[in-house]
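Here's a quick tour of one model, written for someone who likes the cut-offs spelled out. Have a look at the structure first, and then we'll get into it.

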Amino acid sequence: MSKRDSNAARIARRRFLLGIGGVTLALPLLPSLTGESFAGSAPKKAKRFVFLFTSNGQRPENWYPADPSNWTDRAANVREASLSQYRGGMSRVFGPEFDSLLPKMVLFRGLDSVNSTGGGHNAATPLNASRVLPFTTIDQVLAQSSKVYQSAPPVRSVHLLVKQAFQSATSVSVDGSLESVEHQTSTAAAYQKLFGGFVPPDDSVGKQRIALRQSVLDSVRDEYDVLRESSRLGADDRARLENHMDLIADLRDRIGATGAQCALPRDPGEIGLESDDNLLAATDAHIDMLTAAFACDRTRVATLMLCPGTDLRDFGSFGGPSGDHHAISHDAVYNPDSADALGYINNWYAKRVASFLSKLDSIVEDPDTGATLLDNSIVYWGNEDGCNGYDAHPGWAMPTMLAGGGGGAIQTGRYIDYRTIGKAIQYDGGGGPADQPTDYIGRPLNSLLISLMQAMGLEPQDYETGGAGYGDYSDIYNNQYSVSDGQQPLPFLAG
Amino acid sequence: MSITRTTSIVFLSLALTGCIGEIGPGEDDDGGGPESAAAAGTAPTDLRRLSAYELRETLRDLVGEQALAAAALPLGAVPADRSAPSAFASLPYSSEARGVTSSHVDAHYEVFVAIAEYFRDNPAATTALASCLPAGASDSACVSVLVADFGERVYRRPLTDGERAAALESHAAGLAISPDEAIAAVLLRLFLAPPFLYRLEIAGPEESDNVYQLDEFEIASRLSYLAWGTLPDEALFDQARAGALHGDVLEAEITRLFADPRATRRAQAFFEEWLSLDHLAPVDQPASFLAGIDPALLDVESREEMASFVGGLYDNGGTYSDLMLSNGASLGGDAIASVYGVEANATTLPAERAGILTRSAFLRGPGVSTHPIRRGAAIQRYLLCNDIAPPDPSQFPPNSIVPPPFSADKSARERWTEQTSAANCASCHSYINAPGFALEPFDSLGRYRETEPIIDPQSGEVVNELPIDSGVEMTLFGETVQIADARALAEALAESDEARRCFVTQAFRFTEGRRPAAEDAAFIADATAIVGDTGIKAALEQIARAPSFQLKKVMP
């Protein structure tokens, strides 16, 4: 049986199990198998996906927190620890500005882009798990999916890039015809694309509706109040009904709290990037526009490149270390001062990430549950290169962080290590000497992409293209990795 | 005959040293006062609410698949009714959950809002709720029909005047926005009402002190939730409205409901909870171990195969003995067929297999090595009704309650025996280990094996091959018996009246949402005989035939 046939059979099997496709079952299904899935269901709260990009890799000692003493083994070669223990500054890159966000984040160790015989700097790697091949990136799969958009949206996806004028534009996104998706560098054009002609809705009906539901809950509470007097109830029963009644009253008050309001962001106009002074303002403008675009449901898929691939920005003009970002990233292998400088640079970018996450988290989307825009989103901060051990940009140990959790699809607040401790990656390509330190072997990055698409509501038939899994599985470091592992989502990411 | 019974030396009572307790009828609480025989045989019960499963099934029957699909997301957020306090503790039945937390109330509200908004946004669909809709959405006569008729199904009884008035008030308030919004407000009001979520039994006349007769609608609901886990259908409601649910009519309804496919599903749900099949770990073994078996398919097929087996027994008069010994099967896929070493269309399993104990869904677990402790604890808890207490971490050195280390020259049995041999371990493990070891001829997927391959968990390579010893001496209901293997264990259980009693006790817990009390002893005895002679379905039906089925004793 070819891979494609086996895949088709599996999909047919899934459809069979879901009871769609007109197949009648000989015997009823287990209740727990039928309970979860409904064909054609629409999420009440839309999920959003945004990828944040920085380049030139990370230094492991800057990126990772101190090894926790309280790892919990979830399975062989999967362990996790709580991120909350890292309040007050998790690492050189993740400073105290992430404190309140830690419960909503996932930090990974041991995600390897496994086909790394090519060199570094393929900006699309975090989204297609390929170092060398053009391959459609998952943002494009999501943007075209009916699971993300049940009806045609105003904007399927938006792609933004902050770069100095002299730098070449790069792209993290590859579309279905294997063309790079151009990233918008103009703040004025981005505003026009997202909000041109858009008038935020009048929410007076929404307010009336909340008042109506509060009156319904008041009436329900009254019914509990009468019922609890029944002589047919035992003492425990009465206590339970009184508790229920109190919770109804509490719910009634909570739905009265004002929810997310869609409001137009400030029109930034054109922020010129001939001067480095405007880089921060442009970054902030893009972050504000994305936040408002999500709050107003103008789009649900975005990529924001905080810098271009192979970033050459010199942070001397921001009071940071002199020298371009890329050169520093190479020198950092041999020079502790450069390693520290690289930490400064990535902490600067991380502060922008924290600012974006905090803005998403300040918008309550669901007053009933308190779920914020961040809770309903998946924010993925990735890098074109790995946590380098030496002077090349190989693709193992990809610096990877998630925030949000996609409406509960991903269980957050965790530092998850997928490495096989003690088993070093054998590296023999990319120009690096074979005797340099690598890292313990992890899992294929492909699994993360599968997890993310599934967390956004997609099923294998929505993203598989002629074979199981997603992304590039070729040339996997002399078969050190299990292809079948890489065709599955990451274990335990959902909980 | 592979079992030898020796003189009963070890009695169960000797085992009650804080490790295990029996799941069975409790002490009789003498309440005093004259009572009828039926009232005396009625245990006091507390107020049940719909479990997450019952809530979903009930809503499905009320509003249909499409509207339910609109609420899929919040339905997924309704807290699970079965969750264990620790990894070693046994799970309660979903029916044993009581009361609500803020998470329940929030999720229920979200579910009801989603359904109400579905009908608001799809007015044409409201015709199914009341035929005068959607045209009459602002017409009070039409809305009164909706409240009276659909409301009766939601409340599972006719509404009182006050309840109707409350629903109509919500409609009037909603009209300020739109007629469709007003209908949505009515639906929200009805679903949020306590009689929907709670199984209230408060309407019948008093029989004696604290004992009340159920009214017709309450009997109908008891019956439908017992047999189906959902609300009564129209035929059953009709009998309730006619006041006919007694004698021959009740008997006919019992037979009708339990013969319905929904009753088979309900029975399958019992088996799933009894054996904790709803909490099976996913198949996580590496490809080298799986040898071509698709892990995702085995996940599903192993559970489906077990469900087909027990569902088939339920439908076809299978007895407890069949449950233990039958090797009939309906496989439904290549993955499970590979585990059993048969073709996918095989209808019987090889002779080493017998009943539920040797099916993949019962046997399998994570990792490449078996976990005889999990298996043994499952047999003690589920089949022998011995509540094994979880280990108390304060009584053991740190990190000692863990699987034994890998060793290339020791079998799983040898490693686990060493790991659990300390005196404070043995008090429980002397019960747990033996039945687990009897299942050692089956690997961690449930495949039969003549020898045990010793697999290095790091490299995944087979580094040794050792003989399997599945012979054990164990205590079975107070008797010390020699058991040769899984089949011998199944045979011993199949012959045991105590094992049948345990099965009936477990089914009672699932359907009644509580452990049997002293008042239930007569029912347990009857059903124990029935499950051995007439079958599983008849034993479940017996719950509805007990005199106490039509009575409610309030817990003071």
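## The second largest pocket

Six elements of chain B each put at least two residues into the lining of the second largest pocket: helix 2 (37-40), helix 10 (216-227), helix 23 (497-512), helix 24 (521-533), helix 25 (536-545) and strand 11 (551-554). Helices here are DSSP runs of H or I with at least four residues, strands are E runs of at least two, and both are numbered from the N terminus. A pocket is an open set of points on a 1 Å grid over the protein atoms alone, with protein on both sides within 12 Å along at least five of seven lines, and a lining residue has an atom within 4 Å of a point.

This pocket has a volume of about 520 Å³, counted as the space filled by probe spheres set on the points. Its lining runs to 33 residues, and nearest the centre you'll find Arg222(B), Glu512(B), Arg514(B), Ser548(B) and Phe549(B). By type, the lining splits into 14 charged, 13 nonpolar and six polar residues, where Asp, Glu, Lys and Arg are charged, Ala, Val, Leu, Ile, Met, Phe, Trp, Tyr, Cys and Pro are nonpolar, and the others, Gly among them, are polar.

## Ground rules

The model is predicted, so local features need pLDDT of at least 70 and side-chain atom pairs need 80 or more, while totals for chains, interfaces and linings use all residues. Residues count from 1 along each chain as its sequence is written, chains are lettered from A and ligands numbered from 1 in written order, and side-chain values use heavy atoms, without hydrogens or water.

## The two chains

Chain B has 25 helices and 11 strands, and 56% of its 556 residues are buried (under 20% relative accessible area with a 1.4 Å probe, protein chains only). Chain A has 14 helices and 13 strands, with 55% of its 495 residues buried.

## Two buried loop residues in chain A

Gln58(A) sits in the loop between strand 1 (48-54) and helix 3 (60-63). Gln58(A) is buried, at 2% relative accessible area.

Ile410(A) is in the loop between strand 11 (401-403) and strand 12 (414-417), and counts as buried because its relative accessibility is 6%. Beyond neighbours within four places in sequence, the contacts of Ile410(A) include Val106(A), Ile378(A), Leu452(A) and Leu493(A) (contact means heavy atoms within 4.5 Å).

Notes:
Buried means under 20% relative accessible area, exposed over 50%, partly exposed in between (1.4 Å probe, protein chains only). On a 1 Å grid over the protein atoms alone, a cavity is a set of points where a 1.4 Å probe fits but cannot get out, and a pocket is an open set with protein on both sides within 12 Å along at least five of seven lines; lining residues have an atom within 4 Å of a point.
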